[in-house]
Amino acid sequence: MRRLLKIIRNLLLLVIAAIIVLAGVLLLNVFTHGSRQIQVAAAPRAPVDQQGAAIRLSEAIRFQTISNFLNPDQDAEALRGLRAHIEKSFPAFHAAARREVIGGHSLLYTWEGTDPKARPIALLAHQDLVPVAPGTEKDWQHPPYDGVIADGFIWGRGSWDDKGNLYSMLEAAEQMAKAGFRPKRTVYFAFGHDEEVAGVRGAKAIAATLASRGVKLDFVLDEGLLITEGIMKGLDKPAALIGVAEKGYATLVLTAHSTPGHSSMPPRQTAIGMMSAALARLEDHRLPMQVRGAVAEMFDTIAPEMSGFNRVVLSNLWLFKPLLLREFEKTGPTEAMVRTTTALTIFNAGDKDNVLPGNAAATVNFRLLPGDTQGSVVDHIRSTVRNDRISVEPFPGNTDPPPVTGTESPSFKMLNRTIREIFPDVVVAPGLMVAATDSRHFTEITDKIFRFSPVRANSDDLKRFHGTNERLSIEGYADMIRFYRRLIENSAG
């Protein structure tokens, strides 16, 4: 008995010692993981004609530039109207820069620099919109295309995505041109017209035009991650995330092939039944969650700014990664950061209630983590579905994830500094853009692509993205203008 008690005592001592060592390692990682935030003085708040800028953006919203992949001329008249509005609204910039119309409706402005040896930069935005979901128009607080200014906001489809970015760039450039500013390096403004439907006629054509002229860009800045407020648990400050990576885009059409026939004599396997089973398996067997690349660097950068247990978790992912992933799996926006997502978007089968269809087709959209490819996703589908009677075909416009941009370049540090100068209360970190942007078409002419929109957003605002009651605060819009002005000063001044 005495020997047994001694063994138990020794085991307890070992457990206590292990706990003390583990606690020491965890705390050591916490306290040796110092802040990576650069110390920057806030820039003076440049004056902005807030009311005039808000009116010009509200007028732009009234042009219903809704892009359509199958009918590219659907919004041609609206795009021509928007182009005329841009020219009328920003005369000093148009006098200082050269405009070209690319691919029918995309706009490429060249603001020539004084130093021909300095590599140019490109600021990207897009003119086109997603449609309002049919039947939801009545749910909008203000009609989606009226461009109403009310309650301190500019309301309407495109106010945020992406006419807000486009017009704030032009407002900044107009201010600077009026003041006689001339950039040291050439600044391109590239405004595609079909970003929402893959950008192959717009941004891709602009990038090809620049490539044909031998242009090599120092960096590209496009729409992207935001300044989020109150979304990251344990982070008291807003987080300004710079997208240094972007997910790939793969839409795949699955078709189940069967023999059509009379519904009174159905076979054991029908096209609809096979497709339904296949889609259920895809949803039940999603690709694995992973923390790597830009997401791992984001956690590493944000960890020292966290408080409480959240700081311990992010500083010790070697131990707490499973706990973190379980938490991220609870909501779509966070899960999308750590998984190649599977989204069932379209289902087509049958046209008569007493006829068995010969085919059933489903469209599945995957957003690929860097490291995954369209080929690896097709392999995943086939191994998961396990049915040779279901074919898989890619959709036009699919792209693998573009290369990841490093965070040690002077360009990244300049962008980091600019954000901190205009938004001194934020924490800046690299991140992963979970949606696709026009910037992916520029990988042949630059190795530095950043995706960042200088817009403050809380969890309620995120629901408005491609949703109902899209709006942009007038004060926030003024800060966007200040940001782009400061960015041009810092990068090309």
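## Helix H6 and its surroundings

The buried residues of helix H6 pack against strand S1 (98-102), strand S2 (106-111) and strand S6 (187-192). Here, buried means under 20% relative accessible area, exposed over 50%, and partly exposed in between, with a 1.4 Å probe and protein chains only. Helices (H or I, at least four residues) and strands (E, at least two) are DSSP runs, numbered from the N terminus. H6 covers residues 203-212, and its buried members are Ala203, Ile206, Ala207, Thr209 and Leu210. Viewed down the axis of H6, these residues fall within an arc of 155°, so they line one face of the helix; the arc is that of the directions from the helix axis to the C-beta atoms. Just after H6, Gly214 has a positive phi of about 75°.

A word on the model: it is predicted, local features need pLDDT of at least 70, side-chain atom pairs count only at pLDDT 80 or more, and totals for chains, interfaces and linings use all residues. Residues are numbered from 1 along each chain as its sequence is written, and side-chain values use heavy atoms, with hydrogens and water left out.

## The overall fold

The protein has 15 helices and 17 strands. Its radius of gyration is 26 Å, close to the 23 Å that the globule rule gives for 493 residues, so the protein is as compact as a globular protein of that length. That radius is taken over C-alpha atoms, and the rule is 2.2 Å times the number of residues to the power 0.38. Along the principal axes, the C-alpha atoms fill a box of roughly 95 × 70 × 50 Å.

Of the 493 residues, 52% are buried. Among contacts with a separation of 6 or more, 82% are between residues 24 or more positions apart, where contact means heavy atoms within 4.5 Å.

## Two nonpolar cores

A nonpolar core is a set of buried Ala, Val, Leu, Ile, Met, Phe, Trp, Tyr and Cys residues joined through side-chain atoms within 4.5 Å. The largest one has 87 residues, and Phe189, Leu221, Ile419 and Phe483 have the most contacts inside it. Helix H15 (residues 474-492) gives this core its largest share, ten residues. Apart from this core lies another of 22 residues, among them Met275, Leu282, Val377 and Ile390.

Beyond its sequence neighbours up to four places away, Phe189 touches residues including Phe93, Trp111, Met169 and Ile488.

## Two buried polar residues

His126 sits in strand S3 (residues 121-126) and is buried, at 0% relative accessible area. Its side chain makes a polar contact of 3.2 Å with that of Glu195 and one of 3.1 Å with that of Glu223. A polar contact is a pair of N or O atoms within 3.5 Å; within protein, one must be able to donate a hydrogen and the other to accept it, and residues adjacent in sequence count only if both atoms are side-chain atoms.

Thr418, in helix H13 (residues 410-422), is likewise buried with a relative accessible area of 0%. Its side chain reaches the backbone oxygen of Met414 at 2.8 Å. Leaving aside neighbours within four places in sequence, Thr418 is in contact with Phe483, Arg486, Leu487 and Asn490.

## Tyr249 in strand S9

Tyr249 lies in strand S9 (residues 248-257) and counts as partly exposed at 25% relative accessibility. Not counting residues up to four places away in sequence, Tyr249 touches residues including Phe366, Arg367, Asn398 and Arg440.
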